[in-house]
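Open the model in your viewer and keep the sequence panel beside it.

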Amino acid sequence: MDELEEAELELEPEWLCSPAGRRYLRCILHKNRRRTFRVLESPALPPSSRAATIPYKLFVCGKSGVGKTALVAMLAGVRVPPTHYETRGAEVTTVYWPAKPLTSIDPVMFQLNLWDCGDAALRKFDYLLPSCKENVDAILFLFSFTDRSSFEELPAQMSRLLPPGEENVLRVVIGTKFDLVTQAAVTEEEVKAFERSWGLQVLRVGCRPGPEAEPGVGRVAPTLNSLVARLWRRDHIAAHAAPAGTPLS
């Protein structure tokens, strides 16, 4: 069983499609489209709901042009920028996603705070990287299937951003533009070899609009389910590993 399968076993299968799941799903929709939540806003949970809202900080990194901003926009349910532009400084986008972990009596509303920082800005301003990594729960390492150098730079980038001693930070590798087959510069065999070498399951994300089982949800549900399942599994493992009475960070 690989890492992805183990993580996804943390969630109740097809819960979002159940009547109970749809009640929570409606909390993040507006007129059958994803709601955009501002800094002080949060979903209005169903009456008598006992769901906890758990915040996580995720740092999105990768070479310029791999699709960091586009990925964040897609996960948030907002319009993907039609043309590439370099993110100036750091931008924080909050995504709410309901799920039902098998080890939880009640559903959980995951609050994913995605930090997107331009590659050039990170090199120019020394304070940005420490800010992005401060109290971070996960780092999303992005490469593009159409940019070979972004894939080849992954090992050095991962070693640089997560040196020994930071094993508590979840590592997630995402390959973007997976659907641009004719422009692919990275083969599936190379990605599988990377997965075996690093013991990580690479998430694959396309960039073209596709049919959605639920307006504003169907396309992103597999990726968001995978992210929250991995975060929940990380916390579950940490809780069992920590001595009794030790608070989790």
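Which residue stands opposite I139 in β6? Select F59: this is the residue placed opposite I139. Before going further, note that the model is predicted, that local features need pLDDT of at least 70 and side-chain atom pairs pLDDT 80 or more, and that totals for chains, interfaces and linings use all residues. Residues are numbered from 1 along each chain as its sequence is written, and side-chain values use heavy atoms, with hydrogens and water left out.

**The whole chain**

Show the protein chain as a cartoon. It has nine helices and eight strands; helices (H or I, at least four residues) and strands (E, at least two) are DSSP runs, numbered from the N terminus. Of its 249 residues, 44% count as buried, where buried means under 20% relative accessible area, exposed over 50%, and partly exposed in between (1.4 Å probe, protein chains only). The accessible surface comes to about 13,300 Å², and 55% of that belongs to carbon and sulfur atoms; areas come from the Shrake-Rupley method with a 1.4 Å probe, and for residues only the protein chains shown count as cover. Among contacts between residues at least 6 apart in sequence, 73% join residues at least 24 apart, a contact being heavy atoms within 4.5 Å.

Now colour by pLDDT, the predictor's confidence in each residue from 0 to 100. The chain mean is 86, and 86% of the residues reach 70 or more. Select residues 210–215: pLDDT stays under 50 there, and the model has twelve contacts for this stretch beyond four places in sequence.

**The sheet**

Select the six strands of the open sheet, in the order β4-β5-β3-β6-β7-β8; their pairing is mixed. Two strands pair if DSSP finds at least two bridges between them. At the edges stand β4 and β8, each with a single partner strand, so one side of each has no neighbour in the sheet.

Go to β6 (138–144). Seven of its seven residues are buried, so the strand is largely enclosed by the rest of the structure. Show its side chains: A138, L140, L142 and S144 point one way, I139, F141 and F143 the other way, and all are buried. On one pairing, five bridges join β6 to β3 (residues 52–62), and the two run parallel. On another, seven bridges join β6 to β7, again parallel.

Next select β7 (170–176), where six of seven residues are buried.

**Helix α8**

Select residues 188–198, which form α8, and show V191, F194 and E195: these three are buried. Look down the helix axis: the buried residues fall within an arc of 100°, so they line one face of the helix. The arc is that of the directions from the helix axis to the C-beta atoms. Turned away from the buried side is a face that carries the exposed residues E189, R196 and S197. What covers the buried residues includes β6, α6 (148–152), α7 (154–161), β7 and β8 (203–204). After α8 comes G199, with a positive phi near 65°.

**Two single residues**

Select P98, found in strand β4 (residues 90–99). P98 is buried, with a relative accessible area of 1%. Leaving out residues up to four places away in sequence, P98 touches W15, L16, Y24, L25, I28, V108 and M109. Its C-alpha atom is separated by 10.0 Å from that of R26, 72 residues apart along the chain.

Where does G118 sit? Look in the loop between β5 and α4 (119–124). G118 counts as buried, at 2% relative accessibility.
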